[in-house]
Amino acid sequence: MIVFNNIAKSFQGKEVLKGISGTMEKGKCNLIIGSSGTGKSVLLKCIVGLVSPDEGKVLYDDRDFTNSDRKRQTEIRREIGMLFQGSALFDSKNVEENVLFPLDVLTKMSPEEKLDRVNFCLDRVGLQNVNKKMPSEISGGMKKRVGIARAIVNKPNYLFCDEPNSGLDPQTSMVIDELIKEITDEYQMTTTIVTHDMNSVIEIGEKVMFLYKGLKLWDGTNNEITNSGVKELDDFVFANRMMKEFR
Amino acid sequence: MKSIGKFFIFTGQLFVRRESFTTYISLILDECIKVGYNSLFIVTIVSVFMGAVTTIQTAYNLVSPFIPDYVISLVVRDMTILELSPTIIAIVYAGKVGSNIAGELGTMRITEQIDALEVMGINSTSYLVLPKVVASMIMYPMLVVLSAFLTIYGGYLTSLATGIISGFDYIYGIRYEFIEFNIAFALIKAFVFAMIVALISAFKGYYTTGGALEVGKSSTAAVTSSCIGILLADYLLAQLLLG
């Protein structure tokens, strides 16, 4: 479980996060949603430590991450897997080397064990016979899958996904969402997903947090989201015509 | 001042939370190929022509019948070892390797590859930059030695081809009153310039923000700043070691 208390962050005097608190539960897909520019990605970066919050702290299973020294932070980070918005695969490495990378650097497994684990993870995300392909040779959806395989190869306790569906068609988005959900259930990870895709919210949003202008305005489940009574959330949820008709 | 402070903090980060020794060995070997082997062509071309032109221009300026011919090759030798090979090749090296380092790291930054390393608990500065700096400090002095040889050899070929000076006089001048310390001085300069180019370029690339346009700007800034750093260090080293 990840708990964050009163996270605040400003950039050049502009308040991006205004004291956000919340909990990301174990074995669930925890979604952070909101319009563009509301601070979702900044909050995610504060949680994983890529950005230092001005105030507040983050606890990973009661371990203080924000106020720990670099060594302790590194220990916690080695339990984290992250899928980036643009996949962030290493251009100079092929698919297999990308997934192998965390094992190579962070573990003392034998080469055979590492390769078995890589093939298992690639298989798990539905990728076969692409081991030797370069990232530039595969599609956006495949890159996301490779990104997921790389994120889970080291058996993390915490999985973070930054806009996992950006740039993908609706069908592929659904496949990626299902994959993340399955992996979360299977490994009982604490999964945190930043998104503004309402399909993801409906499909996998077991726990949803809504951000608006740097504030947390609502949290609940995907079943409760349509009856939140929060105007800003309603505007977000029922933004498109299909959702309006559904309403 | 803020940038200078940031640069020193960045340099300090190279030596903390390092990965295993074996990880660095393979990275350094890869970088040696990138910064050294891949620079051979440009260093060869520049050096040979530099030697040829220096020989012709020196001969053009030394027209007095009281100055023996071998002085031409003596001047070419000292200019090559003291200045041309370490410094001019460093400028070329900054243009090729420095822009490459800044571009590579800048692209890694804007595509979140550096963030990916950090999230994995890897010190991205140490993992990405230290091998480049070490490889640069290994390979650049070798390039300088090669360049010095090729520059002097280029001058020799030119003297034979044009008849400005006989081959015998050229070799005599090369060996005349040779000062061994000049080689040590050239190598000291090479080590310092290699470090300057790798560190400044990596710094510029590592802190790139924005998109493709900014990566281009970082590469340009890396070359400009490296050249200024090289020239300043050149002056300081000359003053300290020869002054």
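Modeller: A crossing is right-handed if the near helix is turned clockwise from the far one by less than a right angle. This model is predicted.

Colleague: What is the handedness of the crossing of α8(B) and α9(B)?

Modeller: α8(B) crosses α9(B) in the right-handed sense.

Colleague: How are two packed helices described in general?

Modeller: By the angle between their axes and the distance between those axes. Here α8 of chain B spans residues 181-206 and α9 of chain B spans residues 212-241. They pack at an angle of about 150°, with axes 9 Å apart.

Colleague: Why are α8(B) and α9(B) called roughly antiparallel?

Modeller: Angles over 145 degrees count as roughly antiparallel. The angle here is about 150°, so α8(B) and α9(B) are roughly antiparallel to each other.

Colleague: Which residues meet where α8(B) and α9(B) touch?

Modeller: On α8(B), the list includes F185(B), I188(B), V192(B), F193(B) and K204(B). On α9(B), it includes A221(B), G229(B), I230(B), D234(B) and L237(B). By class, this contact has 13 nonpolar, six polar and three charged residues.

Colleague: How many residues does each chain give to the contact between chains A and B?

Modeller: Chain A gives 15 residues and chain B gives 13. The chain A side has 10 nonpolar, two polar and three charged residues.

Colleague: Where is confidence lowest and highest in chain B?

Modeller: Helix α1 of chain B, residues 2-13, is lowest at a mean of 87. α8(B) is highest, at 95. Chain B averages a pLDDT of 92. For the complex, the predictor gives an ipTM of 0.87 and a pTM of 0.87.

Note on methods:
Residues are numbered from 1 along each chain as its sequence is written. Chains are lettered from A and ligands numbered from 1 in the order in which they are written. This is a predicted model: local features need pLDDT of at least 70, side-chain atom pairs count only at pLDDT 80 or more; totals for chains, interfaces and linings use all residues. Axes are lines fitted to C-alpha atoms, for helices over the stretch in contact, and angles run from 0 to 180 degrees between N-to-C directions. Helices (H or I, at least four residues) and strands (E, at least two) are DSSP runs, numbered from the N terminus. Angles under 35 degrees count as roughly parallel, over 145 as roughly antiparallel, 65 to 115 as roughly perpendicular and the rest as oblique. Two residues are in contact if their C-beta atoms, placed from the backbone, lie within 7 Å. Ala, Val, Leu, Ile, Met, Phe, Trp, Tyr, Cys and Pro count as nonpolar, Asp, Glu, Lys and Arg as charged, and the others, Gly among them, as polar. pLDDT is the predictor's confidence in each residue, from 0 to 100.
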